[in-house]
Amino acid sequence: MEQLETFTVESPDAVGAKTTKILIQDVLADLSLNRVIGRLKVFVDPVEPVFIFTALLRLGTPAIRLKDFAKVEMGSLGKDEVKIELQREAFTVKLLNKLWEKYGKESIEQPDKKIIIVKVDPVKEVDTVRELVIEEPQQEVLDRLIDAIALRIIPEGFRVRKHELSTSHVLFVASEDTLKPEWIARAKEMLESMRSEKDA
Amino acid sequence: MLEPVMYEGGVYKHNQIVELVEDLGGYILQKNVMQTGVVLLMLVPINDMAIVEAKAKDLLGTIMRAPLTGTEIATVAPTLAYHHLPHLDCDVAEFLRKKGAKTNMVGLARGVGKRICQLSAYERDLINEHDLAVFILGNYEHCIIEKSKRLYEGIEVPIIVTGAPELKVEDVPNATAYVGSFGRILHHMRHSEELRTLDKLADVIGNVLDNVRKELAKDPPAIAPPRIKKEIEDQVQEIIDSLHPLPVTLQMNGARVKLPYDEYHEQIENIKFVEGVTMKEVARVLPSKMRNFILIRAKPKSETGFVI
């Protein structure tokens, strides 16, 4: 799936659909989300009124954990410590911040550029440290995506909203009045139709 | 009748234009010197336009009619969210400013939605203090029409509505004029097509303001607003120290003075003119809804019986 393979805005109001399409392009470009969205379908009916936004996502790398770039093992025999041996230094700053936040500055030592000692009970903590999430690129992208859709694209007056958000798709239905079940059904249908499009 | 015009020319000898206009009984409202160029916004007596034009020709400058000069315009957005700002709203406000108007941006508290939009009493009064209001609306024909039915309740100044579809004025309820090709635009308006749309908006506003001027001329104000500005600048020292943009902002039928009402309204009411009258005889000095400023509204000739 390439970026923005499908991009349609449907509406009984042709002029409105055209300007809405430009608006969505502007917002996606502003928040650099162009590469994140694979397929996108929007339906707007101002008379009902309803705004449906559905998209298939292609998120980047999943969360980065400590074990992905470091060896984590028990420290020297008889001492209460966990030893981290870094293989890549790219995340050191973020890692240190996370460790300080979790265990306090006094229990972290860095005797060498690539070695970090955490003074905690190794039996209990070694697995937790190993699984520590250092960076969540996907979550950052999703946050930006929500900012784009909920705060910039959907008309402000449409305060009643239903949304679905996962790592593979996003679905927003918004209106000024109570949501009707057929709108949600239509949104699901739009999503399915995009899923069934053949990969080019 | 004073004609609002803009002079563009070189700095060299531009004082001759300034002096000529002042001698003719006109007013210089703003002077911007940009390197070797100068832009003057001024009001010239309509009967003496030919003399001023001839002088401008001598100096190799140009005189252009600038109908937005000396007016205060409110650009109204449904809210102050990303949906409207900074693009479009600021673009419109900035563009009208370049054309000589003073623009104020108003963001409504509950202006969103076509069914749920509201205008509070304070917002309504604030907008009514301006010469004209530009409502910047969105993309959909249905929404613009529905919203127009209720949003402008109580607004007495001319209302210009902008939106994406090309509609006729008759289709937009309560609007004085409608300008299409705008809509909710989230990028800076700088393409030639978009600039033409802004030009069109300025033209439409100019026409509406000209009509208001014609109406005003039927029962002219007892004092010309630029005269109010001049006398305040001459007689109230504190206005010189005011750091507000345009401390005395001209309107078509008065002026906004950016000094606190409680402290200064008596001093302003008692300003004396060489004709022997005081300000309170020719104008009403009112508290403004904007901060604690002073709003001056000229009385019509039918009320005072004379014009100075």
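Leaving out residues up to four places away in sequence, B:T162 touches B:V134, B:F135, B:I136, B:L137, B:Y178, B:V179, B:F182 and B:L201. You will find B:T162 in strand β8 (residues 159-162) of chain B. In this predicted model, its relative accessible area is 0%, so B:T162 counts as buried.

In soluble globular proteins, nonpolar side chains tend to be buried together. Here the largest nonpolar core holds 34 residues, and A:I24, A:L40 and A:F53 have the most contacts inside it. Two or more residues each come from β1 (6-10), α1 (14-30), β2 (37-45), β3 (50-57), α4 (137-153) and β11 (169-175) of chain A. The biggest contributor is α4(A), with seven residues. To see the packing around A:I24, setting aside neighbours within four places in sequence, pick out its contacts with A:F7, A:V9, A:L40, A:V42, A:F53 and A:I153. A second, separate core has 24 residues, including B:A177, B:A202, B:V204 and B:L209.

The backbone has some details to enjoy as well. In chain A, a cis peptide bond links A:E48 to A:P49, with omega about -5°; A:P49 lies in the loop between β2 and β3. In chain B, the bond from B:L85 to B:P86 is also cis, with omega near -5°, and B:P86 sits in the loop between β5 (72-77) and α3 (89-98).

That loop between β5 and α3 of chain B also holds B:L88, a non-glycine residue with a positive phi near 65°. B:L88 is buried, because its relative accessible area is 4%, under the 20% cut-off. B:R291, in the loop between β12 (283-287) and β13 (294-298) of chain B, likewise has a positive phi, about 50°, without being a glycine. B:R291, however, is exposed, with a relative accessible area of 62%.

Terms used
Residues numbered from 1 in each chain as written. Chains lettered and ligands numbered in written order. Predicted model: local features only at pLDDT ≥ 70, side-chain atom pairs only at ≥ 80, totals over all residues. Heavy atoms only, no water. Core = buried A, V, L, I, M, F, W, Y, C linked by side-chain atoms within 4.5 Å. Buried < 20%, exposed > 50% of the residue type's maximum accessible area, 1.4 Å probe, protein only. Helix = DSSP H or I, 4+ residues; strand = E, 2+ residues; numbered from the N terminus. Contact = heavy atoms within 4.5 Å.
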